[in-house]
Structures are given as structure tokens and as C-alpha cells.
Amino acid sequence: MHLLQIQLTGKGILVGLGLLLGVIGVLALVWWLVSPGYAIAAGIGLILLVKGLFALLKPSE
């Protein structure tokens, strides 16, 4: 079994929260200006992209 240790600093948490807030803001803007369907599709696409990246970078078991 592989052990992966990640050290997360306060600045890292703030950057992560800022990125999350930015993505939510863009999706809300798309929802408001274009269509809720596009915002939902973009949100699902982002979730699948992140899950795929985690699966790709996760050490094999």
C-alpha cells in the first residue's frame, strides 16, 4: 500500500477556496446570462474532469 502525505497550509486553503468561489461565480453568471442548462452541463463536466484527474494521479493499489 502506498502512503501519500499532503501538507496543506493556510495559504493553500485560501487559494483553494478562492478558486472554488471563482468557479461558482462563473457558473452563476452562465446560469444568469445564458441558460441554466449550460451551467449545469459545465458543472457536471468540471466534476467529471476533477474526478478523472484524481483517478489519473492517484497511486495504483
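What follows is a quick walk through the fold of the chain and its largest pocket. The model is predicted, so to speak of local features a pLDDT of at least 70 is needed, side-chain atom pairs count only at pLDDT 80 or more, and totals for chains, interfaces and linings use all residues. Residues are numbered from 1 along each chain as its sequence is written, and side-chain values use heavy atoms, with hydrogens and water left out.

The chain has two helices and zero strands (DSSP runs numbered from the N terminus: H or I of at least four residues for helices, E of at least two for strands). Its radius of gyration is 15 Å, whereas a compact globule of 61 residues would come in near 10 Å (taken over C-alpha atoms, with the globule rule being 2.2 Å times the number of residues to the power 0.38). Along the principal axes, the C-alpha atoms fill a box of roughly 45 × 30 × 10 Å.

Helix α2 has 22 residues, and at 1.5 Å a residue it should span 32 Å, which agrees with the 32 Å between its end C-alpha atoms (the expected span being 1.5 Å times one less than the number of residues). At the start of α2, a side-chain oxygen of Ser35 comes within 3.2 Å of the backbone nitrogen of Gly37.

As for the largest pocket, it holds about 170 Å³ of space (an open set of points on a 1 Å grid over the protein atoms alone, where a 1.4 Å probe fits, with protein on both sides within 12 Å along at least five of seven lines; lining residues have an atom within 4 Å of a point). The elements giving two or more residues to its lining are α1 (10-33) and α2 (36-57), and α2 supplies the largest share, five residues. Leu46, in α2, is partly exposed at 36% relative accessible area; its C-alpha lies 9.4 Å from that of Val23, 23 residues away in sequence.

Notes: Points joined across faces, edges and corners; volume = space filled by probe spheres on them. Polar contact = N/O pair within 3.5 Å; in protein donor to acceptor, adjacent residues only side chain to side chain. Buried < 20%, exposed > 50% of the residue type's maximum accessible area, 1.4 Å probe, protein only.
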